[in-house]
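Please read each point with the structure in view.

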Amino acid sequence: MRKIDITGQKVGRLTVLSDTGKNSGSHTIWLCRCDCGQLTEVRSDRLRSSHTKSCGCLRKEIKHGDSCGGKKSRLYGIWDSMKLRCFNPKQQGYKYYGGKGIKVCDEWKNSYLTFKAWALANGYQDNLTIDRIDSDGNYCPENCRWLTLSENVRNGAFKRWGGEHKAEQEVRISALALEPAGKNKRRLK
Ligand SMILES: [Zn+2]
């Protein structure tokens, strides 16, 4: 079979970097880089047929919500900690959220993908934090928007906590969401 050079081609999340020099039967094995940063070796026929489109993170993501290379995404962390604040009495911020009757709407609570779809359609970016427009209202599509942390502060989100000490906690919670989930998990325990 004539070898076709596919270096530089993009298949799904994969960018073909180079020929590994290895073969599997008549198929060349290519070294690819996934958008999540992982390197992976893929057979040419699997690339051609788009059978393989990621290092494996795509499949995991569909299964578990939103992880890439084993790490949960920031947005997933936001979703997770939002639910913890509202539904887990052991959570540090619970008394200011769940304890005050703030809930996460059922669609979001039950489906990360629904929350993610709303987030992406409403301007979510990795530097933004979720804000409730009515501070007594729930986490739901009608009452939420994305703001930078400093906008969130200006809008008085922090005053609701009643003072600097509590504001600090919110900053810490927001900061946690900015960190890779590995750390996040440890610190939230
Ligand atoms: Zn990947």
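1. In strand 2, the bridge partner of K10 is T15. Strand 1 and strand 2 (residues 14-24) are joined by 2 bridges and run antiparallel. These strands belong to an open sheet of 4 strands, in the order 1-2-3-4, whose pairing is antiparallel. At its edges are strand 1 (10-11) and strand 4 (39-43), each of which pairs on one side only.

2. The structure is a predicted model. The chain has a mean pLDDT of 80, and 72% of its residues reach 70 or more. Two stretches call for caution: pLDDT stays under 50 over residues 159-172, and it also stays under 50 over residues 175-189. For residues 159-172 the model has 10 contacts beyond four places in sequence, and for residues 175-189 it has 17 such contacts. Where pLDDT is low, the predicted coordinates should not be read in detail.

3. Overall make-up. The chain's secondary structure comes to 8 helices and 8 strands. Of its 189 residues, 26% count as buried. Among contacts between residues at least 6 apart in sequence, 37% join residues at least 24 apart.

4. Helix 3. This helix covers residues 74-87, has 14 residues and reaches 20 Å from its first C-alpha to its last, close to the 20 Å expected at 1.5 Å a residue. Why is helix 3 described as largely enclosed by the rest of the structure? The reason is that 11 of its 14 residues are buried. Among them are R74, K83 and R85, together with L75, I78, W79 and M82. The student may wish to locate G77, S81 and C86 as well, which are also buried.

5. The largest nonpolar core. This core has 15 residues, of which W79, M82 and Y139 touch the most other members. Helix 3 and helix 5 (112-121) each supply at least two residues of the core. Helix 3 gives the most, with 6 residues. Which residues does M82 contact, leaving aside its neighbours within four places in sequence? They are V104, I130 and Y139.

6. A second core. A separate core of 10 residues is also present, and it includes C32, V42, C55 and C57.

7. Strand 7 and its partner. Strand 7 (residues 128-132) is largely enclosed by the rest of the structure, because 4 of its 5 residues are buried. Strand 7 and strand 8 (residues 144-148) are joined by 5 bridges and run antiparallel.

8. K95 in a loop. K95 lies in the loop between helix 3 and helix 4 (106-110). Is K95 buried or exposed? K95 counts as exposed, because it has 12 C-beta neighbours inside 10 Å; the limit for an exposed residue is 12 or fewer. The C-alpha atoms of K95 and R85 are separated by 8.0 Å, and the two residues are 10 apart along the chain. R85 itself is one of the buried residues of helix 3, whereas K95 is exposed.

Technical notes:
Residues are numbered from 1 along each chain as its sequence is written. This is a predicted model: local features need pLDDT of at least 70, side-chain atom pairs count only at pLDDT 80 or more; totals for chains, interfaces and linings use all residues. The expected span of a helix is 1.5 Å times one less than its number of residues. A residue is buried if 20 or more other C-beta atoms lie within 10 Å of its own, exposed if 12 or fewer, and partly exposed in between; C-beta atoms are placed from the backbone. A nonpolar core is a set of buried Ala, Val, Leu, Ile, Met, Phe, Trp, Tyr and Cys residues joined through C-beta atoms within 7 Å. Two residues are in contact if their C-beta atoms, placed from the backbone, lie within 7 Å. pLDDT is the predictor's confidence in each residue, from 0 to 100. Two strands pair if DSSP finds at least two bridges between them.
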